[in-house]
Amino acid sequence: MPSILLVEDDQMDIMNVQRELRKNNIDLPLHIARNGREALNMLRGEGGQTKIELPRVVMLDINMPRMNGLELLEQLRSDPEFVGLNVFIMTTSDLDTDRLKAKNLAVSGYIIKPLNFDKFGEGGSTVDGFSLFLDLLMLKDNQ
């Protein structure tokens, strides 16, 4: 069963994502980690966390305590088990440096917060990023 791993420390943003997924009839299990360290523990089954099945998509906030999104991404990309994960960066910042760093770490796309999927018709590459995101979620597990 495909699932989504949301790595986000802001409760409002978490609720926002849940609402938008519901609005788009995406009814997949949503695992929530509050920071990069917790996300790694969930993926690896460490630190007292139950190991989750490899998620179809990871939605990753850049700005978090303990281990931020880019630090987590570096960890994922250096681990053979997680190198192929589809990771979407969620950010309020349009900072080129963040984008550049994330690009070097092979992200699948960017989602600009606050999340509002209705707005995806307006802004350049975020459209592709989000339609790709939805396509990935809709894929059936028929490998």
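Residues are numbered from 1 along each chain as its sequence is written. Because the model is predicted, local features need pLDDT of at least 70 and side-chain atom pairs count only at pLDDT 80 or more, while totals for chains, interfaces and linings use all residues; side-chain values use heavy atoms, with hydrogens and water left out.

Strands β4 (residues 86-91) and β5 (residues 109-112) pair in the parallel sense over four bridges; two strands count as paired if DSSP finds at least two bridges between them. Helices (H or I, at least four residues) and strands (E, at least two) are DSSP runs, numbered from the N terminus. Strand β4 is mostly covered, five of its six residues being buried, where buried means under 20% relative accessible area, exposed over 50%, and partly exposed in between (1.4 Å probe, protein chains only). Strand β4 also pairs in the parallel sense with strand β3 (residues 57-61), over five bridges. In this pairing, Val87 of β4 is the bridge partner of Val58. Together with helix α3 (residues 69-77), β3 and β4 make a right-handed β-α-β unit; a crossover is right-handed if, with the strands pointing away from the viewer, the path from the first strand over the helix to the second runs clockwise.

Strand β3 runs parallel to β1 as well, and four bridges join them. Ile4 stands opposite Val57 of β3. Strand β1 (residues 4-7) points Ile4 and Leu6 one way and Leu5 and Val7 the other way, and all are buried. In a regular strand the side chains alternate between the two faces of the sheet. A parallel pairing over four bridges is also found between β1 and strand β2 (residues 30-33), with Ile32 of β2 as the bridge partner of Leu6. Strands β1 and β2 form a right-handed β-α-β unit with helix α1 (residues 11-23).

Asp61 lies in strand β3. An unreviewed UniProt entry places the feature "modified residue: 4-aspartylphosphate" at Asp61; UniProt positions are given in the numbering used here, feature names are shortened, and annotations may be inferred rather than shown by experiment. Asp61 has a relative accessible area of 3% and is therefore buried. Leaving aside neighbours within four places in sequence, Asp61 is in contact (heavy atoms within 4.5 Å) with Val7, Glu8, Asp9, Gly69, Met90 and Lys113.
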